[in-house]
Amino acid sequence: MKILVIGGSYFYGRVFVMLAAAGHEITVVNRGTYSMADMGAAQIRGDRRDPALWRNMTERYDVVVDFCSYVEGDICTVLDHMPVRPCQYIQISTVDVYRRGTGGYKTEDTPFEERRLPGEAGDYIAGKVALEKELRQVCQAHGVVWTVLRPGILYGPYNYAPRESAYIQMMVRQHILPRITDADGQFQLVYVKDAAEAIQRCLLNARTYGKAYNICRKEPESYDSLMDMLLKVSDLSIQEVPVTADQAQQQGIPLPFAVRETETELYDNSRSIRELGMEYTSFEEGMGKTFRAFRNVFTE
């Protein structure tokens, strides 16, 4: 299968390319910051928002997997200008597209968040909502089938975001781990290799056409369960440092997940299990692999 990946040199995309290249012909379109040759993929360097880039795409790709569409128009620019269009377009979206405060576990049929929320997070969500709508319209116009994946919070090796890696760095270099004493929020994680596997299960899979999938473990975590797991998978002598959320912010300790119960939003992953056959990696296994990978990075 010939797959065109947009993005793909960083965390989620990188892992997908590494896995998929073993069985498919992969071409990655990105700005060329990192070479993809050692991952077994061809590479086309360019700006995805430049129509000329796509007009020069004369090969036929079976599937486009888009990791880096963020603002309205990103998908139109691709499909409106490709002279030979793919069969399927897979957009990587986010569970954040759902309306806040609806309660319970959100399914793929939960309404979108149509309110404009403040800050960079609000801009990100608004962009993803607009792009999901754009995907449907432009794919219908060009006779391309679409699939949307909405991952929860990704974790794992190669994660460049200061999430679990920030805590592992403190453990490895300072032998400390903060314990957030007043955090009661919950959040759902997904091991990056599982998220990459979900894409592979959608490739030219007719059952997935015209559908979206929440990709995450159903069991929510908390700051306590995260810290407990990091201690469990660690082979280091670690001192826990109790701090409140306010103290953590003052000290520059990252709080990348929902801190308060009022911030908690949960998602139903049953469609991904039922239709994609997903089997999510246990938190202990996934965090164990993540800890060992970053321990090697931070001890260099």
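How many bridges join strand 1 and strand 4, and in which sense do the two strands pair? Select both strands and you will find the parallel sense, over four bridges.

Before going on, please note that this is a predicted model, where local features need pLDDT of at least 70, side-chain atom pairs count only at pLDDT 80 or more, and totals for chains, interfaces and linings use all residues. Residues are numbered from 1 along each chain as its sequence is written, and side-chain values use heavy atoms, with hydrogens and water left out.

**Stop 1**

Helices (H or I, at least four residues) and strands (E, at least two) are DSSP runs, numbered from the N terminus. Two strands pair if DSSP finds at least two bridges between them. Now select Ile6, which stands opposite Asp66 in strand 4. Strand 4 covers residues 63–66: Val63 and Val65 point one way, Val64 and Asp66 point the other way, and all are buried. Here, buried means under 20% relative accessible area, exposed means over 50%, and partly exposed lies in between (1.4 Å probe, protein chains only).

**Stop 1**

Click Val63 and look for its bridge partner in strand 5, Gln88.

**Stop 3**

Go back to strand 1 (residues 2–6), which pairs with strand 2 in the parallel sense over five bridges. Select Leu4 and you will see Thr27 of strand 2 opposite. The chain gets from strand 1 to strand 2 through helix 1 (residues 11–20), and this β-α-β crossover is right-handed. Strand 2 (residues 25–30) is mostly covered, with five of its six residues buried. Strand 2 also pairs with strand 3 (residues 42–45), in the parallel sense and over four bridges. Thr27 stands opposite Ala42 in strand 3.

**Stop 2: helix 5 and the residue after it**

Is helix 5 largely enclosed or largely open? Eight of its eleven residues are buried, so helix 5 is largely enclosed by the rest of the structure. To see this, select the buried ones: Glu164, Ser165, Ala166, Tyr167, Ile168, Met170, Met171 and Val172. Then show what covers them, including strand 8, strand 9, helix 7 (223–233) and helix 10.

Now step to His175, in the loop between helix 5 (164–174) and strand 9 (176–180). What is the phi of His175? The value is near 60°, positive in a residue other than glycine. Most residues other than glycine have a negative phi. His175 counts as partly exposed, at 36% relative accessibility.

**Stop 3: helix 6 and Leu204**

Select helix 6 (residues 192–202), whose buried residues are Val192, Asp194, Ala195, Ala196, Ala198, Ile199 and Cys202. Just after this helix comes Leu204, with a positive phi of about 50°. Leu204 sits in the loop between helix 6 and strand 11 (211–215), and it is partly exposed, with a relative accessible area of 32%.

**Stop 4: two loop residues**

Find Thr281 in the loop between helix 9 (270–276) and helix 10 (283–298). Thr281 is buried, with a relative accessible area of 13%. Leaving out residues up to four places away in sequence, Thr281 touches Tyr191, Asp194, Arg217 and Gly286; contact means heavy atoms within 4.5 Å.

For the second, pick Gly103, in the loop between strand 5 (88–92) and strand 6 (105–106). Gly103 is partly exposed, with a relative accessible area of 47%. Draw a distance line from its C-alpha atom to that of Tyr124, 21 residues apart along the chain, and the separation is 22 Å.

**Last stop: the lining of the largest cavity**

On a 1 Å grid over the protein atoms alone, a cavity is a set of points where a 1.4 Å probe fits but cannot get out, and lining residues have an atom within 4 Å of a point. Select Ile153, Leu154, Tyr155, Arg163, Glu164, Leu189, Leu226, Phe257 and Met287 to show the lining of the largest cavity. Its largest share, three residues, comes from strand 8 (residues 153–155).

Notes
1 Å grid on protein atoms, 1.4 Å probe; cavity = no way out; pocket = protein on both sides within 12 Å on 5 of 7 lines; lining within 4 Å. Right-handed = clockwise from strand over helix to strand, strands pointing away.
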